[in-house]
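Here is a short report for a reader meeting this structure for the first time. Look through the sequence and the model, then read on.

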Amino acid sequence: MRRSIAFRGRPPRVAGGRSVPFGMAARGLVCYSPGDMKREKQLTKRERKALKPGRPAPAAQDQHIHCVACGAHLDAAQFAPPASAQYVRCKHGSQWASCTACVPRSRALLEEHDRTGQPVQAAGAWH
Ligand SMILES: [Zn+2]
Ligand SMILES: [Zn+2]
Ligand SMILES: [Zn+2]
C-alpha cells in the first residue's frame, strides 16, 4: 500500500518563504530601529559624563622623576640646561631619568637590563 500518502493536487508551500518572512523582518527592522537609536543616545550621554570627570591628567612635570642609578628625586627643571639630569634610553626605547653624574651607572644598569632581559635594577627612590 504505497499510495496511502499522496499529494492532493498542490504540494505544500512551506519552505518557499519568499514574501511572508521577508515582510515580517522588514517590519521588525522599522519598528525596532528608532528605539535602539534612542537607547544608544542615552548611553552616549552617560559615557560623555563618565569621560569628563573633571580631573585633568597629571602633567609630566608633576610626576616624580627619580634617578635610576641613585634614586634621587629629580626636578623637571634639572633636565633643562644647565642640566644636572638627563634621560637615558635602553634598547627598547624606554627613557630613564638619571643624574648627569650617575649617567655611567645608569647606562650600565640599562645595559644589564638589555643583556639579561630582566627589569632595570633601579635604585630605591628617596627624597
Ligand atoms: Zn620624588
Ligand atoms: Zn643619580
Ligand atoms: Zn629596556
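## Confidence

Confidence in the chain is highest in helix H2, at a mean of 98, and lowest in helix H1 (residues 19–51), at 52. The score is pLDDT, the predictor's confidence in each residue, from 0 to 100. Helices (H or I, at least four residues) and strands (E, at least two) are DSSP runs, numbered from the N terminus. Over residues 19–35 the pLDDT is below 50, and this stretch has zero contacts in the model beyond near neighbours in sequence. Two residues are in contact if their C-beta atoms, placed from the backbone, lie within 7 Å. Residues 57–61 also stay under 50, and the model has two contacts for them beyond four places in sequence. For the chain, the mean pLDDT is 75, and 51% of the residues reach 70 or more.

This is a predicted model: local features need pLDDT of at least 70, side-chain atom pairs count only at pLDDT 80 or more, and totals for chains, interfaces and linings use all residues. Residues are numbered from 1 along each chain as its sequence is written, while chains are lettered from A and ligands numbered from 1 in the order in which they are written.

## Overall layout

The chain has two helices and four strands. Along the sequence they follow the pattern α-β-β-β-β-α. Of the 127 residues, 13% are buried. A residue is buried if 20 or more other C-beta atoms lie within 10 Å of its own, exposed if 12 or fewer, and partly exposed in between; C-beta atoms are placed from the backbone. Take the contacts between residues at least 6 apart in sequence: 44% of them join residues at least 24 apart.

Strands S3 (residues 85–89) and S4 run antiparallel, joined by five bridges. Two strands pair if DSSP finds at least two bridges between them. Val-88 has Trp-96 in S4 as its bridge partner, and Gln-86 stands opposite Ser-98. Five residues lie between the strands of this hairpin, and Gly-93 there takes a positive phi near 95 degrees.

How many residues of S4 (residues 95–99) are buried? Four of the five are, so the strand is largely enclosed by the rest of the structure. The peptide bond from Pro-81 to Pro-82 is cis, with omega near 0 degrees. Most residues other than glycine have a negative phi, and most peptide bonds are trans.

## Helix H2

H2 (residues 103–116) has 14 residues. From first C-alpha to last it reaches 20 Å, close to the 20 Å expected at 1.5 Å a residue. The expected span is 1.5 Å times one less than the number of residues. Ser-106, Leu-109, Leu-110 and His-113 are buried in H2. Seen down the axis, the buried residues fall within an arc of 95 degrees, so they line one face of the helix. The arc is that of the directions from the helix axis to the C-beta atoms.

That buried side packs against S3 and S4. The face turned away from it carries the exposed residues Pro-104, Glu-111, Arg-115 and Thr-116. Gly-117 follows H2, with a positive phi near 75 degrees. Pro-119 sits in the segment after H2. Pro-119 is exposed, with 7 other C-beta atoms within 10 Å.

## The core

The largest nonpolar core has 13 residues; among those with the most contacts inside it are Leu-74, Trp-96 and Cys-99. S3, S4 and H2 are the elements that give two or more residues to this core. The largest share, three residues, comes from S4. A nonpolar core is a set of buried Ala, Val, Leu, Ile, Met, Phe, Trp, Tyr and Cys residues joined through C-beta atoms within 7 Å.

Cys-99 lies in S4. Why does Cys-99 count as buried? It has 21 other C-beta atoms within 10 Å. Leaving aside neighbours within four places in sequence, the contacts of Cys-99 include Cys-67, Cys-70 and Leu-74. Cys-99 and Leu-74 are 25 residues apart in sequence and 7.5 Å apart in space, C-alpha to C-alpha. Trp-96 touches residues including Val-68, Ser-106 and Leu-110, not counting residues up to four places away in sequence.
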